[in-house]
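Subject: Structure handover

Hello,

Please find the structure below.

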Amino acid sequence: MSLDLVLGFTQALALTMSVAFVTYVFVIVVPYLRRKPAPVGVPNSLEWHFFVPCRDEEAVIGDTIRYLRTMFPIAHVWVIDDDSDDRTAGVVRALRRNGGVRDPHIHLVQRQRPYARTGKGNALNDAYRTLKLWMGRRADTDRAIIVVVDADGRPAPNCLEVCAAQHLFGNPRIGAVQVDVRMINAGQRQPGVSWWRRTFGAGLVRMQDLEFRTAIAAIQMSRGATGTISMGGNGQFTRLSALDSIAGPTGSPWRGSLLEDFELGVHLLTAGWHTGFTLDTHVNQEALYSLRRFLAQRTRWGQGTMQCMRYLRRIWDSEHLTTLGAAEMMYYLAQPWMQLLGTLIYPIPMALMAYRFAVSPGEVVAWFFDGAWILFTVYGAFGLLPFVLWGPVYRARCVPVGFWKSIGYGFGYALYIYTFYITSWRALFRLVRGNNGWTKTRRNTERAAGKVALDV
């Protein structure tokens, strides 16, 4: 390849990447930065039911129930005990009959093996069917809102009034709303471990907070234009009538994918419901300090995304999705496969250059200083910028840190993203082996191997 051809290719690549980056900024980042709070609604206009899936959550479930009952006295709390080995169910029963007076807003849904411990979606389906029986046939399912939260989840005190707003559940076409997710332990170091583990763990937690509060939130906002806002496993609000419309004869609105939240969104959108997203309220959850646990969690998410590829035809054929919306959802489903392909393709140029350098080092050095360095500079800069940018954005909208520290966060986030290449391969291996079981992630405070939790 001649030098002129290389330089021409470099210039074309630089122009293409520049246009792509500017488009990315204006489509994703600018709307996120310019967002202003929207008017709120009246919570009493709707009926609220919190679903809390639990497995061995004795340590946290009591505080969660007390929090939900204190902050949201009009709401019902449905605790789903997935055949826990500890006293999770006992804690719920004690709170339900606190002081000998029964609290009619606290409910316990108990599952037993062999039908228990088969995934979060199945646990939620049991609660859904129990709620339907409890409400009876004359219930106003358009007014009933199901809220899925973690066993240690903390929805913000204003979440009901925000989600009751006219542009969210005040609109009868809205079937589900996802709220912003924040990491409650961001800025906190893990106690009782070495300095290295404390430092690394704090950085990993910070990256999870940055990811959810900036990149994921901005992407969700951009999906408002394509009509494809997706659901999350925590802070997921769904209208009961929307769940009824997709439940089928078995009464199972949540299906068998390991990514049951995205799967739920697919069925709602293709059934004609609209979905919403709001940054005006949030739910707190605990981020993971452990890289091993983090990789296990993201492997499950990646495998769940791969499983949802079976809905490609459903998405593309849906009359309720625009071509742009279908393309956006298909792009999302392609992400783990693109990461697999990237790990195979990206090393090829470097391998070829290493071989050429071994054969003729002088030629490669001359080629590099004669102009090829521009190619590497452009490729490196525009490969990093879409990720590094989120550090200053996080500073502007979320946490008031120094500018250079925010740049450091941005570079840390770029490294953080590379873990998804690892989890995509792990997900593929599990998929090929037929290992589709629910991979649990232990909480930070759990040390015993038997203690596991249905995480987000």
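A residue counts as buried when its relative accessible area is under 20%, as exposed when it is over 50%, and as partly exposed in between, using a 1.4 Å probe and protein chains only. This is a predicted model, so local features need pLDDT of at least 70 and side-chain atom pairs count only at pLDDT 80 or more, while totals for chains, interfaces and linings use all residues. Residues are numbered from 1 along each chain as its sequence is written, and side-chain values use heavy atoms, with hydrogens and water left out.

Overall picture

pLDDT is the predictor's confidence in each residue, from 0 to 100. The protein chain averages 86, and 87% of the residues score at least 70. Over residues 448–456 the pLDDT is below 50, although this stretch has 39 contacts in the model beyond near neighbours in sequence. A contact means heavy atoms within 4.5 Å.

The protein chain has 16 helices and eight strands. Helices (H or I, at least four residues) and strands (E, at least two) are DSSP runs, numbered from the N terminus. Of the 456 residues, 53% count as buried. Among contacts with a separation of 6 or more, 81% are between residues 24 or more positions apart.

Aspartate 83 lies in the loop between β2 (76–82) and α3 (88–96). Its relative accessibility is 17%, so it counts as buried. Its phi is near 55 degrees, a positive value in a residue other than glycine. Aspartate 56 also has a positive phi, of about 55 degrees, and is not a glycine. Aspartate 56 sits in the loop between β1 (47–54) and α2 (58–71), and counts as buried because its relative accessibility is 4%.

The peptide bond from arginine 113 to proline 114 is cis, with omega near 15 degrees. Proline 114 is placed in the loop between β3 (106–111) and α4.

Strands β2 and β3

β2 and β3 run parallel and are joined by six bridges. Two strands pair if DSSP finds at least two bridges between them. Valine 77 has isoleucine 106, in β3, as its bridge partner. Five of the six residues of β3 are buried, so the strand is largely enclosed by the rest of the structure.

Salt bridges

How many salt bridges does the structure hold? There are 17. A salt bridge is a side-chain nitrogen of Lys or Arg within 4 Å of a carboxyl oxygen of Asp or Glu. Three of them are described here.

- Arginine 313 and aspartate 317 form a salt bridge, with the closest N and O atoms 2.5 Å apart. Both residues lie in helix α10 (residues 312–317), four residues apart, about one turn of the helix. Arginine 313 is exposed because its relative accessible area is 63%, whereas aspartate 317, at 47%, is partly exposed.
- Aspartate 126 and arginine 129 form another, at 2.7 Å between the closest N and O atoms. They are both in helix α4 (residues 120–135), three residues apart, about one turn of the helix. Arginine 129 counts as partly exposed, with 31% relative accessibility.
- Lysine 132 and aspartate 244 meet in a salt bridge of 2.8 Å, N to O. This pair links distant parts of the chain, with lysine 132 in helix α4 and aspartate 244 in helix α7 (residues 240–246), 112 residues apart. Lysine 132 is partly exposed at 28% relative accessibility, and aspartate 244 is partly exposed at 24%.

Nonpolar cores

A nonpolar core is a set of buried Ala, Val, Leu, Ile, Met, Phe, Trp, Tyr and Cys residues joined through side-chain atoms within 4.5 Å. Which residues have the most contacts inside the largest core? They are Trp48 and Phe237, in a core of 54 residues. Leaving aside neighbours within four places in sequence, phenylalanine 237 is in contact with residues including Trp48, Ile145, Cys159, Phe169 and Val179. A second, separate core of 51 residues includes Leu131, Val148, Val401 and Phe420.

Annotation from the record

An unreviewed UniProt entry gives the annotation "transmembrane region" for residues 12–33, 337–358, 364–390 and 402–421. UniProt positions are in the numbering used here, feature names are shortened, and annotations may be inferred rather than shown by experiment. In the model, residues 402–421 are 90% helix and 0% strand, with the end C-alpha atoms 30 Å apart.

Regards
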